[in-house]
Amino acid sequence: MNRTELVRKARAAAEQLLRDKGYLSAVDVLLAMGRLSKEDYERWRFRQVPHLEKVLPGSLNQHAFFCRELRVYARDELDLKPSRTAYMSWGKGRRQPLRFTKYGQPHLEELYSTHYVSPALAAARKRQRTDSADEDPDHPRAQ
């Protein structure tokens, strides 16, 4: 898949996810595009593969390009707010942070783990938390 086609498919998947969920993430876009299978995603979450890029098709350069393009599109064109998210392992035992990249580059790890949230959704969730705290007589803010 060339870069133009990758960007076109990523943007289409991102727009659909934004309508459905109100936010985007690189992992969700990869799943929606079909570049990451649900089985491979689950294997990564259960730490059966060392890093997410191991199960993604294409080159490491293509993966980095995808993440940068998604960030630019989400932040600059869709006006979404970045929110760093911790991806932790699933399964028995202690939960451990997951790696996205082969070489553990901090910048790319951050790009993969950032969710881009609609400002309207963020405001609604903040309002909901405030309202529920006001209704709970045991919550410190309600007193």
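Begin by selecting Leu-24, Val-29, Leu-36, Trp-44, Leu-52, Phe-66 and Tyr-112, the residues with the most contacts inside the largest nonpolar core, which has 34 residues. Such a core is a set of buried Ala, Val, Leu, Ile, Met, Phe, Trp, Tyr and Cys residues joined through side-chain atoms within 4.5 Å, where buried means under 20% relative accessible area with a 1.4 Å probe, protein chains only. This is a predicted model, in which local features need pLDDT of at least 70 and side-chain atom pairs count only at pLDDT 80 or more, while totals for chains, interfaces and linings use all residues. Residues are numbered from 1 along each chain as its sequence is written, and side-chain values use heavy atoms, with hydrogens and water left out.

Next, colour helix 4, which supplies the largest share of this core, 7 residues; helices here are DSSP runs of H or I with at least four residues, numbered from the N terminus.

Finally, show helix 5, whose axis comes within 9 Å of that of helix 4 and crosses it at roughly 55°. Here His-63, Ala-64, Cys-67, Arg-68 and Arg-71 in helix 4 meet His-107, Leu-108, Leu-111 and Tyr-112 in helix 5, contact meaning heavy atoms within 4.5 Å.

Conventions:
Buried means under 20% relative accessible area, exposed over 50%, partly exposed in between (1.4 Å probe, protein chains only). Helices (H or I, at least four residues) and strands (E, at least two) are DSSP runs, numbered from the N terminus. Axes are lines fitted to C-alpha atoms, for helices over the stretch in contact, and angles run from 0 to 180 degrees between N-to-C directions.
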